[in-house]
Amino acid sequence: MSLTADDVKKIAHLARLGINSQDIENYAKDLSNILDLMTQMGELDTAGVQPMAHPLDQTQRLRADVVIEENQREHFQAIAPQVENGLYLVPKVID
Amino acid sequence: MHNKTLTELAQGLREKQYSSVELTQFFLDRINQHQALNSFITVADESALEQAKAADTRLAADDNTTPLTGIPVAQKDIFCTQGIKTSCGSKMLDNFIAPYDATVIEKFNQAGAVMPGKLNMDEFAMGSSNETSFYGPVKNPWNLETVPGGSSGGSAAALAARLVPAATGTDTGGSIRQPSSLCNITGLKPTYGRVSRYGMIAYASSLDQGGPMARSAEDAALLLQTMAGFDPKDSTSVDTEVPDYSATLNDSLEGLKIGLPKEFFSEDLNNDIAAVIETAINEYKKLGAEVKEVSMPNLNLAIPSYYVIASAECSANLSRFDGVRFGYRCDKPADLTDMYTRSRGEAFGPEVKRRILMGTYALSAGYYDAYYLKAQQVRRLISDDFKKALSEVDVLMGPVSPSTAFAIGEKSGDPIQMYLSDIYTIAINLAGLPAMSIPAGFANEKPVGLQIIGNYFAEARLLNIAHQYQQVSDWHKLTPKGFE
């Protein structure tokens, strides 16, 4: 399985990940090699095998539906790149 | 002082041979003296000395002290520390001061340990050589031209060079064990869920596990005692009693059944490393163990399964780094998409980008079943292989790494070669089992680690097995030249 430069651009867009244009060919080559490695799994018959998401097969633990966190907005926003009046600022989305 | 065990250091503090402030200053001086190793990202002189002063007060009053009170324990820079930078080895978090402590950090603080600083690591724990860190590669104290292994390479190098008496690491595919092996120290990856992941920056959530890195199994037992335990803040944490890890270190190994997975000893294994492992296993026979060969037929698919699962989980976990709430934001973004794309593009290194791209692809519509689902099924079969093998024997043993420390730059251009560095460790993470690396000898003057793999929550038994070997061997006591 091999990926083209266009494939890499499309995946990078989906991941919202900027990539320098001169690096795209290298990513395409590396990702194709990694995909070849992954394709080895296709040789194994896994029909009927239950997928394993958690090593101990645990399920999500639930807790009572009560508020346990205090409001720490100022504390958390102290490290934000840009805030105003308690809101995170991002470039304009709607004209 | 720097060659003392944690128990010896604790005894010295109680006998007033030195104060915690003196002890901390001693190690801070050693850290500053050996900056060329690049094992630390942040040295926290001021806060460490404050913690040491508090520890001295606690020791003088004999107030709620533990064996770690007043002892310096350095933290991998993946654990969030309130008020002190947590970079995770990335430009993305170069300006990040966490607003809270990770549970592991909280536990060390409660124990009265002193944190001299944050240790260098591969960017977001993605790497097997510590060359992907934004802060540059760490050097292996045994040979400064070589890598210390990764991703907990800073921890392993600092311990090997005796810059700190104890450290933490995290292990997603071998990141505690492989650097431990390459640097001649003792590292334990606990059972998945044994140590809280809260505040430990996530790479691959179903595989990541924090654990102790130390100079001996005895020291690792003390560290794990502090780190382990159920944490309601971590939804993957397992609610199981924590035993006294130091209490069983001296149990006899008479009748211990050791399994040797034949897949670990194929012709691909370097002869010099195989010879070291064989000698170590013979020592275990002298200690009363029985050895038998076992087989794990699906082990050859551990690397592809791991890289699908790890990449998929990393692409999801790292989506939080978007330049909105914390971390790096690009200059003058044109619009929202430009801000996300450029912030991530400018702040992530090539290996992180490679894995995000791989994970995004593997999870995308049309490929999910062929890659992600398949990898989860292979994972089940690998886990079943381990269950079967561990129903026949008490522990498994084998090499940790297919090579000793390699030259800086030797493998960094070839991701596949780098991924194969973890060929003997990765399957254990897929299964979620505990495993250790302990110093077992040298091949071409470079350290070789022996891997010991146990059943779920059998950390006490692993530490016992490692400690008994360290009673009849001196490998773990050797110090690299220039750091004696």
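Two strands count as paired if DSSP finds at least two bridges between them. Helices (H or I, at least four residues) and strands (E, at least two) are DSSP runs, numbered from the N terminus. The model shown is predicted: local features need pLDDT of at least 70, side-chain atom pairs count only at pLDDT 80 or more, and totals for chains, interfaces and linings use all residues. Residues are numbered from 1 along each chain as its sequence is written, chains are lettered from A in the order in which they are written, and side-chain values use heavy atoms, with hydrogens and water left out.

**View 1. The three-stranded sheet of chain B.** The sheet is open, with strand order S1-S3-S2 and mixed pairing. Strand S1 (40-43) and strand S2 (75-76) of chain B are its edge strands, and each pairs on one side only. S1(B) runs antiparallel to strand S3 (residues 117-119) of chain B, over three bridges. Within this pair, Thr42(B) has Lys118(B) of S3(B) as its bridge partner.

**View 2. The eight-stranded sheet of chain B.** This sheet is also described as open, in the order S4-S6-S5-S10-S11-S9-S7-S8 with mixed pairing. Strand S4 (167-170) and strand S8 (290-294) of chain B have a single partner strand each, so one side of each lacks a neighbour in the sheet. From one strand to the next, the twist averages 30°. (Axes are lines fitted to C-alpha atoms, for helices over the stretch in contact; angles run from 0 to 180 degrees between N-to-C directions.) Strand S10 (residues 435-443) and strand S11 (residues 446-453) of chain B form an antiparallel pair over eight bridges. There, Met436(B) faces Ile452(B) of S11(B).

View 3. Contact here means heavy atoms within 4.5 Å. Helix H7 (residues 217-227) of chain B lies across S4, strand S5 (186-189), strand S6 (210-214) and S10 of chain B. The angle of H7(B) to S6(B) is about 150°. H12(B) lies across strand S7 (257-261), S8, strand S9 (395-399) and S11 of chain B. Its angle to S9(B) is about 115°.

View 4. A salt bridge is a side-chain nitrogen of Lys or Arg within 4 Å of a carboxyl oxygen of Asp or Glu. Over all chains, this rule gives 18 of them. One joins the side chains of Lys292(B) and Glu392(B), at 3.6 Å from N to O. Lys292(B) sits in strand S8 and Glu392(B) in helix H12 of chain B, 100 residues apart.

**View 5. The interface of chain B and chain A.** Here 66 residues of chain B contact 48 residues of chain A. The two chains bury about 5200 Å² between them, 70% of it on carbon and sulfur atoms. Buried area is the accessible area (1.4 Å probe) lost on putting two parts together, summed over both. Two salt bridges cross the interface. Asp30(A) and Arg354(B) form a salt bridge through their side chains, at 3.2 Å from N to O. H12(B) gives the most to the side of chain B that touches chain A, with 11 residues. That side divides into 37 nonpolar, 18 polar and 11 charged residues. (Ala, Val, Leu, Ile, Met, Phe, Trp, Tyr, Cys and Pro count as nonpolar, Asp, Glu, Lys and Arg as charged, and the others, Gly among them, as polar.)

**View 6. Backbone details in two loops of chain B.** Gly150(B) and Ser151(B) are joined by a cis peptide bond, with omega about 5°. Ser151(B) is in the loop between S3 and helix H5 (153-160) of chain B. Cys88(B), a residue other than glycine, has a positive phi near 55°. Cys88(B) belongs to the loop between S2 and helix H4 (103-111) of chain B.
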